[in-house]
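Please consider the following structure with attention to its charged contacts, its aromatic rings and its surface.

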Amino acid sequence: MYNHTLRIAVFSSNPELAEEIRAFVPQECFTHDILVLDKFDAETLGWAELAILDVPLPGSLPEIRAKASPGARLIACMDPEAEQALTDGDLASVDDIWLKPVLVPRIRLRMRNLLSEIKRDADATQHMLWQDTLIDSMPDLVWFKDMGGVHHKVNSRFCEFVGKERDEVIGATHSRIWNTPEDDDSCKASEQAAIEAGSTVLADEIVKSGAEKHLFKTYKPPLKGPHGELLGTVGFGHDLTNLLNLDMELNFFVDSMPFPLAICREDGTIRKVNNVFLDFFGEKRDNIVGQSFADWCDNTFQGEISPVNGSEYLRFEKAEKMHFVDLVRKRIRDIFGKCVGEVNIFRDITAEKDLEIRIWRDANTDSLTGLANRHALDSFVKKLPVSSIIHLFYIDLDEFKAVNDLWGHKAGDEALKIVAKSIRNVFAQDFPARLGGDEFLVCVQREVPFAELERLGSSLLRRINQKFSGSNHLSRMSASIGIRGYGTLGTSIDPLIRQADIAMYAAKSMGKGRYCIWNEAMGEK
């Protein structure tokens with residue numbers, strides 16, 4: 001991933017030496033730029049990264065080293081007698097000595113080893129640059145420690161956070177960097193745990209930067225050598241303080257909402273609820289957080305549809321009282337539009353629904369008997385398919401006006417209530433309505449055999465007669481029933497009601513207190 005041109009200067013009048021140097025194949029990632037001079041040149045020496053000195057030199061080896069570029073490798077070619085005269089300073093100034101006469105095998109061996117060494121150093125430098133660039137680009141704190149807790153490398157974010165230069169941090173221990181007591185072992189425990197486990201250990205650690213405390217999530221893997229030996233630990237520190245502060249702000253915002261609110265994760269589990277939610281639904285935070293919101297709703301609510309406007313809402317029972325809520329659901333999306341969660345807001349509509357139900361009941365229910373009124377009957381019929389087969393029971397009280405005139409409206413009201421209750425008992429599965437006055441209608445919208453129609457009529461008469469006969473002022477009353485069976489609904493129920501009414505009057509003409517089933521011979525008057 002890198003390319004380097006190695007600048008080589010050969011100061012020699014030996015053509016064989018120059019030829020061998022030129023013949024060397026460069027290492028991977030390397031090319032060679034070779035200059036050959038038959039005498040020493042200081043400018044060329046300063047240019048070279050590798051200099052082979054096989055000519056008389058204008059000064060001592062330390063002086064020659066001073067003229068070379070920093071880090072350049074110098075090879076001195078000399079006689080054995082000259083080697084014997086070298087001082088420690090001379091030896092420190094060169095990287096290798098080739099004894100004369102310089103033999104080809106020796107050139108090849110020494111050059112091969114030297115170029116490999118240069119390649120290893122270049123690789124190490126490149127890897128170090130990669131590592132430094134990588135860790136300095138990370139927004140988290142990164143550090144490398146030895147087994148004694150001394151820092152050997154940190155990234156720029158680490159230095160920025162602790163407010164110290166890199167050279168102040170390198171070689172220092174935790175207490176010196178963070179200005180804590182020497183016996184502070186807040187980070188040693190997690191490092192020792194990583195060393196003992198031989199794997200990464202996660203921990204929450206509180207550190208102080210200036211006057212402020214920060215909470216870090218730290219990741220600490222052990223650092224091992226090429227043979228698996230433990231060298232120390234590597235640390236990564238992610239500052240959670242701002243996130244936790246943001247979470248606290250979110251909690252404050254959520255808890256300040258005056259309505260029940262639940263925030264869910266992407267998978268639909270409940271992440272957060274406010275205190276109003278807990279109080280309103282009688283839940284405990286530890287029990288609700290982590291649950292599937294959909295499952296919780298299924299276990300808590302029953303769906304309802306408003307009879308007034310058809311809107312959907314939810315109902316649930318708490319403290320033996322029915323409550324009603326509606327639910328607004330808003331998805332939470334990230335900057336890429338991906339759904340990462342959902343906000344669920346409940347609104348208590350119990351008072352509204354109670355009022356709505358009362359209004360609906362007033363508009364659709366007979367206030368005296370509690371049965372549906374004519375308006376409710378019309379609404380019920382409109383919802384039926386036009387192909388529906390229905391059976392109608394038209395009930396009218398006998399002697400109702402006489403009893404009403406003799407005993408007053410209170411007695412008449414009592415009679416109407418008795419009839420309504422009897423109808424509910426006999427026609428528990430069906431739709432009964434009070435048409436007005438002392439007239440009632442039952443709409444049976446199910447498969448009923450002809451014999452069952454007669455049984456239902458007889459049962460209703462028997463129940464009404466039992467109730468009336470037990471009352472002194474109602475004993476003269478009875479009921480007449482007209483039955484219109486197997487009627488096709490079509491576009492209107494009115495023709496069927498008229499036919500049931502005709503059958504009812506036929507029952508009255510036959511002596512009252514009985515039922516009569518309509519047939520075509522009765523006509524349509």
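**Salt bridges, aromatic pairs and surface patches**

Both Lys220 and Glu191 are buried. The model is a predicted one, and these two residues form a salt bridge in which the closest N and O atoms are 3.8 Å apart. Lys220 belongs to strand 9 (residues 212-220) and Glu191 to helix 10 (residues 188-197), so the contact ties together parts that are 29 residues apart in sequence. The pair also takes part in a network of salt bridges that links Lys145, Glu191, Glu205 and Lys220.

The salt bridges of the model number 28. One of them joins Lys153 to Asp132, with 2.8 Å between the closest N and O atoms. Because Lys153 lies in strand 7 (residues 151-154) and Asp132 in helix 6 (residues 104-137), this pair ties together parts that are 21 residues apart in sequence. The two partners fall into separate classes of accessibility. Lys153 has a relative accessible area of 18% and is therefore buried, the limit for that class being under 20%. Asp132, at 25% relative accessibility, counts as partly exposed.

A further salt bridge is found between Asp366 and Arg434, whose closest N and O atoms are 3.1 Å apart. Asp366 is located in the loop between helix 15 (350-364) and helix 16 (374-382), while Arg434 is in strand 19 (residues 431-436), so the pair ties together parts that are 68 residues apart in sequence.

The structure holds 23 aromatic pairs. Among them, Phe280 and Phe316 form an edge-to-face pair, at 5.7 Å centre to centre and with 65° between the planes. Phe280 lies in helix 12 (residues 275-281) and Phe316 in strand 15 (residues 312-318), so this pair ties together parts that are 36 residues apart in sequence. The assignment as edge-to-face follows from the angle, because planes over 60 degrees apart are placed in that class. Phe280 and Phe316 are both buried. They also belong to a cluster linked by ring pairs, the members being Phe277, Phe280, Phe281, Phe293, Trp296, Phe301, Phe316 and Phe346.

Attention may now turn to the surface. Which residues gather there in a patch of positive charge? They are Lys421, Arg462, Arg463 and Lys467. Helix 19 (residues 450-469) gives the most to this positive patch, with three residues. Lys421, by contrast, has its place in helix 18 (residues 409-426). Lys421 counts as exposed because its relative accessibility is 52%, the class requiring over 50%.

A nonpolar patch is also present on the surface, formed by Met1, Leu129 and Trp130. Together these residues have about 380 Å² of accessible area. Met1 is placed in the segment before strand 1 (4-12). With a relative accessible area of 84%, Met1 is exposed.

Terms used. Residues are numbered from 1 along each chain as its sequence is written. This is a predicted model: local features need pLDDT of at least 70, side-chain atom pairs count only at pLDDT 80 or more; totals for chains, interfaces and linings use all residues. Side-chain values use heavy atoms; hydrogens and water are left out. Patches are made of residues with over 30% relative accessible area and no salt bridge: like charges are joined within 9 Å, nonpolar side chains (Val, Leu, Ile, Met, Phe, Trp, Tyr) within 5 Å. Accessible areas come from the Shrake-Rupley method with a 1.4 Å probe; for residues, only the protein chains shown count as cover. A salt bridge is a side-chain nitrogen of Lys or Arg within 4 Å of a carboxyl oxygen of Asp or Glu. Lys and Arg count as positive and Asp and Glu as negative; His and the chain ends are not counted. The place of a charge is taken as NZ of Lys, CZ of Arg, CG of Asp or CD of Glu. Helices (H or I, at least four residues) and strands (E, at least two) are DSSP runs, numbered from the N terminus. Buried means under 20% relative accessible area, exposed over 50%, partly exposed in between (1.4 Å probe, protein chains only). Rings of Phe, Tyr and Trp (its six-membered ring) pair if their centres lie within 6.5 Å; planes under 30 degrees apart count as stacked, over 60 as edge-to-face and the rest as tilted.
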